[in-house]
Each structure stands twice: as structure tokens, then as C-alpha cells.
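Please read the points below beside the coordinates. They are meant as a colleague's notes, with each criterion given where it is needed.

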Amino acid sequence: MERKLVVAFSLPLQVIRPFAGFGRAAQVTVEHSGALGLLAWQTLVAIVRGRVRYRDVLQQTYIMGIQSLPIVFVTASLAGIVTSQQGGYQIVSTSPRYLLGTLVVQSIVLELGPLLTAIVLVGRIGARITAELGTMVVSEQIDAFKSLGRDPVSVLGAPRIIAGLITMPLLVGFADVVGIAAGIIAANLDAGLGTETFLYGARLFWHNWDLFYGFSKAVVFGFIIPLISVHMGLRTAGGAEGVGLTTTNAVMFMILTLLILDAMFPPLLLQ
Amino acid sequence: MITYRNVHKAFDKPVLSGVSFTVESGEMFALFGPSGTGKSVLLKTTIGLVVPDRGDVEVDGMSVYHGGRSAVDDVRRKSGYVFQHAALFDSLNVYENVAMGIPEDELASLPKRDTAHRVWDVLENVNLDPHEVMAKIPSELSGGMKKRVGIARAIVGRPKILLWDEPTTGLDPINTAAIERLIHRLSTELEVTSILVTHDVEGGLQMCHRVAMLEGGTLRFIGTPAEFRSCPDPVVRAFVDRAAAEAALDMVTESR
Ligand SMILES: Nc1ncnc2c1ncn2[C@@H]1O[C@H](COP(=O)(O)OP(=O)(O)O)[C@@H](O)[C@H]1O
Ligand SMILES: [Mg+2]
């Protein structure tokens, strides 16, 4: 009897418990935002003072940009194909067929191009930077850096953040082109829609603003991914296990931040 | 001269709780203590790699923690730090690793040939063959070689202070003897103030002018090697001979 009562009373607690995480998450978010702001500021100062080596930026741009092309190619084509097929399925009988062109191009440029590319970069670049810097922390290489009078943020952080800012818009441009091309091909094969009709639909509802909107996302995402990963990497503690834990946390943190920022774009820029 | 004044540091639990002592200019000073008592933490407070919660460190009469950013930069420029596991930059080769030891502004104004000369000389000074190792990356080096490169990187900037964090731990006896001879030679040749954290008590006692024992967050002993050898404290005795170590096992803090 008593046991049953205890269970009954603790039931609401069991339900609430997962949500208690939100309070803590909010607190953690506030702490992190402060540190992220500081890191962004330090990066700016390092750039202005000319302490960032051009060669390091170039190297990071190569790693983030060129080496990401294959995976971005694959995700963007799949996004184009799937949008085209699903759109075709919905549109075919009820609306003018050229709307498929509108749908694919708008989805890719406004949403899928920037967001999917960003999520790919979280896995490919964000996790890598966090683990790389985290390993340097736990093996005392960051301490060694400081002991030699070097500043880890200027030498290690800034080039990665700048490279992200440069690379992301370029990759998103690439993803847009690939995604739309794949969409056209899929529309052709699947719904028998000609390229002319597809492009007619795309042009009919096109605003140049859309491109600006998509690329604004790219710039923001390209900045936030390396910023979070550098921040998380440099605050790693506790050996190899710590590196693993920090990397997982960093990936979660980046993806959540991207989704939240993505949700903030329409009310701010699509009025 | 390096003075630790009432240095406190806690992480999850207190590590240093009021450490005070002075190391004179040109002195060789050894710091012993069981693993995990905060020897590395103490050494790191000297150059601001760990910031004390309370207390201060003074180097040549200048406060490290009350002199702003430039005070930390100054003491870092004056010091060479030899890390426990060498902490070489694993994306750079030996040459680049050692060259990083030259202060940034100096390196920028130094002609490439002079930099190369300096790296070459310092590698020879730590008994490495520059020809052989210069282009290697750290993962291609043996443990003893890594430590030597770490030492080369610490001294290439011509420091006045050398901080050694267990430079011989994990080395075989022959390498240990070689590195210790190197430490002794460099410390006298370069006329530096040295603080040597080591588990090789015999080596430390032979080389150093004074020694100290850190245990339970404070200095349990400080004095000359002769005083250390004759100290009746059981924990100190444990470091002097192995048999006493067994006896003292229960007396030290459970912090391993
Ligand atoms: N950055 C850190 N974060 C949390 N705990 C730390 C950190 N650095 C050291 N500690 C803790 O401080 C204690 C002393 O460590 P350390 O100075 O490395 O010992 P040792 O005397 O072996 O060099 C250990 O318990 C260690 O876990
Ligand atoms: Mg240590």
C-alpha cells in the first residue's frame, strides 16, 4: 500500500524530470553565450591587430571548403531529388506543373541549401575542430602554446573562424547549384517536366532577396559553427574521455543553435 | 627569484591550500610529492597557466597576478616550461616545434638563417642530431627524444627561469641519467633559476641546492638535501627509501 502511494506520488516527478533539464540548459546557454561573445570579440581583435596568419586561414579554408565538396555534393543532390519527387507527387493533378520548379528552387535556396550544408559541416568540421583543440588541451599543447607567449585564440581559433566565414557561403552556392540541377533532372525523369517549364516556374516567383536571405544564413552558420567548436574545444577537461564528451556536447550544441537560428530568420528577414 | 605567497587552488576539491616559499635566483630547487598532490598545478601558477584562487606569485619582485596582462606575458617570456609529456605540437615537425620557442616578435624579425642556426645549436645542446630529427614529426620520435625536443623548445628563447615537470618520468634508467645530466648542465650553463618536479628523488637530491615536499596541499618539508635525508617525518622517509614507503602508506592523503 505504502509503496503504491510512493509510486503514485512520484509519477508526476518522473514526468517532469526530463523537463527539469530545460532550466539547467537555460543556465548553461547564458554562460556559453557570454564566452562565445568574448571569443568573437577576441577573434576580431586578433584580426584587427594583424595577428592572424594568412597561411593558416588558407589551410583551414582548404580543409573546410575543398575537402567538403564531395559530401556537400551528395547531400545537395539528394535534397534536390527528394524535394522534386515529393513535390511532383503533391502537385501533379491539382496545380500547374511549373510550380514544381518554384517549389524546388525556393526550398533549396531558402532552406535546404544553407541548413543541410551547415549540418554536414557540423559533422565534418565542427566535430573535427572540437576534437583537435580538445586533444591539444588534454595533452597540454595549449598550455605549451601559452607558455611560449602565443595566444591560442589568435593562432588556432581565429583562422578557423575566418575560414568558416569564407567557406560556408561558397559551399552553399555550390549546394544550391547542385541541388537545383538535381531537382531539374529528377523532375524530368520522374514527372516528365521539361527544363524550360521548370525554370519558368522558378523565375515566376523569384526575388533576388531570396538569394540574399539564403546567403545571410550561410554567413551566420559559417560563423557560428567554428565559433562554437573552438569555444568547446578550448574548454575541454579530463583526458581522452573528456575529448569524446566535449565533442558530443559540441555537436548537440551546434545543431540546436543552427535550428534555433534558422527559425529566427523568417520573422527577421522574410516580411 | 620566485616567491609563492599563500597560493590556494581548488578544483573539485582543494589542491593547494596555502603554499608559500621562495626560490632564489640561480638556485636549483627540487619539488617532490606523491602523484596528484598538485605539483604540476603549483608549477603552472608560476606563469599563469593555472590562476590561483587566492595568494600570489612574485617573480623578481614583480607580482604575476596583480600586474595585469603584461605581467603574465613578462613572466612567460622569462621562463621556459618543460611539460610532463613534452606536449610537442603534433602537427609541426621538430624544427618548427623548437622555433616556436623563440618569442613571436623576435622570430618575425630574425632572418631565416639565424633562426635555423639557433634551432640547430639548441638541438645539439640537448644531444640530438639535428640532421636526423629536424624534419621528423613528434609521433616519429621515441619518448626520450620527445623530452629532449621539449627541453630544446623551452631553452631556445633564452629563459632566465626553467620549470621542469617530471622530465624523467617514464624514461628508462639510461635515458633518465642522460636527461638528468642535461638538466644539471643546462641549469648551470644557462645560469637560470630552476624548479624541478621529479619522482627521481636521488637525482633531485644530488643536483639541487634545496628541496621541498608537497603533500596534502602544503609544503610538508623544505630544506637542504642533507636535511631531507635525515628528516624524521615518515612521509619524507618514504621518499628516501623504499622500505619506509610501505610503512608510510597509511599516513598520506588518499588522493591517488
Ligand atoms: N584543469 C584541471 N581541472 C580539474 N582538476 C584538475 C586540473 N588540473 C589538475 N587537477 C586536479 O588537481 C590535482 C593535482 O593535479 P596535479 O598538479 O597534476 O598533480 P601532480 O602532483 O601529480 O602533478 C589532481 O587531483 C587533478 O585531478
Ligand atoms: Mg604532474
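1. In which loop of chain B is Glu191(B) found? Glu191(B) is found in the loop between helix H8 (173-189) and strand E8 (193-197) of chain B, where helices (H or I, at least four residues) and strands (E, at least two) are DSSP runs numbered from the N terminus. The phi of Glu191(B) is near 50 degrees, a positive value in a residue other than glycine.

2. On conventions, this is a predicted model, in which local features need pLDDT of at least 70 and side-chain atom pairs count only at pLDDT 80 or more, while totals for chains, interfaces and linings use all residues. Residues are numbered from 1 along each chain as its sequence is written, chains are lettered from A and ligands numbered from 1 in the order in which they are written, and side-chain values use heavy atoms, with hydrogens and water left out.

3. Another positive phi in chain B belongs to Asn127(B), which is not a glycine and has a value of about 65 degrees; Asn127(B) lies in the loop between helix H5 (112-125) and helix H6 (130-133) of chain B.

4. Chain A comprises 9 helices and 0 strands, and its C-alpha atoms fill a box of roughly 70 × 65 × 35 Å along the principal axes.

5. Helix H4 (residues 99-138) of chain A has 40 residues and should span 58 Å at 1.5 Å a residue, which agrees with the 55 Å between its end C-alpha atoms; the expected span is 1.5 Å times one less than the number of residues. After H4(A) comes Glu140(A), with a positive phi near 65 degrees.

6. The contact between the chains (heavy atoms within 4.5 Å) takes 13 residues from chain A and 21 residues from chain B. Chain A and chain B bury about 1,400 Å² between them, 53% of it on carbon and sulfur atoms, where buried area is the accessible area (1.4 Å probe) that two parts lose on being put together, summed over both. In chain A, Glu140(A), Leu148(A) and Arg150(A) lose the most area to chain B, together 40% of what that side buries.

7. There are 3 salt bridges between chain A and chain B, a salt bridge being a side-chain nitrogen of Lys or Arg within 4 Å of a carboxyl oxygen of Asp or Glu. Glu140(A) meets Lys44(B) in one of these, at 2.6 Å from N to O. The largest share of the side of chain A that touches chain B, 6 residues, comes from helix H5 (residues 141-147) of chain A.

8. Lys44(B) also forms a salt bridge with Asp143(A), the closest N and O atoms being 2.9 Å apart. Because Asp143(A) lies in helix H5 of chain A and Lys44(B) in helix H1 (residues 39-45) of chain B, this pair joins two chains.
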